[in-house]
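Subject: Structure handover

Dear colleague,

Here is the structure for you to look over. My notes on it come after the structure itself.

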Amino acid sequence: MWVLTVLLGIVLVLGAGIYQYLRTVDAELKNTQSELRHLKKLLELDENAQPQGSGGLRPRIAIELKNPVALAERHHGMAKYLAEVAPQVLTAKVYARFQEILIQELEKRDIDVQVETILY
């Protein structure tokens with residue numbers, strides 16, 4: 001009789017361990033699914049952004065200049081005055097020049113790129 005009690009105890013301990021393991025796996029799965037949904041929302045691209053027939057996404061690099069006005073002021077004396085009158089125009093000019101420099105530097109390294117400035 002005591003053998004059955006010991007075996008029952010072992011089965012209960014193993015069952016509890018397996019149950020706890022399955023709960024942990026389930027929680028991790030739910031967390032992973034939540035992260036996947038979040039990533040899909042972040043990576044929503046229109047159909048033109050996807051390669052033909054691949055069904056996948058193309059990687060992108062986004063660069064945002066944190067303070068384009070200060071950058072312009074460091075490199076050009078008149079930028080301070082333009083920033084007071086037309087800050088959006090100055091910012092657009094800084095991004096256009098930054099784009100030119102970026103393309104030139106990448107072409108020097110024989111890297112074929114497509115650079116776009118996106119306003120939002």
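Predicted model: local features only at pLDDT ≥ 70, side-chain atom pairs only at ≥ 80, totals over all residues.

Residues are numbered from 1 along each chain as its sequence is written, and side-chain values use heavy atoms, with hydrogens and water left out.

Overall fold

The chain has four helices and zero strands, and its pattern along the sequence is α-α-α-α. Helices (H or I, at least four residues) and strands (E, at least two) are DSSP runs, numbered from the N terminus. Of the 120 residues, 8% count as buried; buried means under 20% relative accessible area, exposed over 50%, and partly exposed in between, with a 1.4 Å probe and protein chains only. The accessible surface comes to about 11,100 Å², and carbon and sulfur atoms account for 61% of that. These areas come from the Shrake-Rupley method with a 1.4 Å probe, and for residues only the protein chains shown count as cover. Among contacts (heavy atoms within 4.5 Å) between residues at least 6 apart in sequence, 25% join residues at least 24 apart.

Core

The largest nonpolar core consists of seven residues: L65, A72, A79, A83, L90, V94 and Y95. Such a core is a set of buried Ala, Val, Leu, Ile, Met, Phe, Trp, Tyr and Cys residues joined through side-chain atoms within 4.5 Å. Helices α3 (79–85) and α4 (87–108) each supply at least two residues of this core, and α4 gives the most, with three. Leaving aside residues up to four places away in sequence, A79 touches A72, E73 and L90.

The largest pocket holds about 1,200 Å³ of space. It has 24 lining residues, and I61, A62, I63, E116 and I118 are the closest to its centre. The lining divides into 15 nonpolar, five polar and four charged residues.

The second largest pocket holds about 310 Å³. Its lining has 13 residues, with L71, A72, H75, V94 and R97 nearest the centre. Two or more lining residues come from each of α2 (68–75), α3 and α4, and α4 gives the most, with six. By type, this lining has nine nonpolar, two polar and two charged residues.

For both, a pocket is an open set of points on a 1 Å grid over the protein atoms alone, where a 1.4 Å probe fits, with protein on both sides within 12 Å along at least five of seven lines; lining residues have an atom within 4 Å of a point. Points are joined across faces, edges and corners, and a volume is the space filled by probe spheres set on them. Ala, Val, Leu, Ile, Met, Phe, Trp, Tyr, Cys and Pro count as nonpolar, Asp, Glu, Lys and Arg as charged, and the others, Gly among them, as polar.

Two single residues

F98 is in helix α4 and is partly exposed, at 29% relative accessibility. Not counting residues up to four places away in sequence, F98 touches I63 and L65. F98 and L65 are 33 residues apart in sequence, and their C-alpha atoms are 9.2 Å apart.

D110 is in the segment after α4. D110 has a positive phi of about 60° although it is not a glycine, and it is exposed, with a relative accessible area of 73%.

Regards
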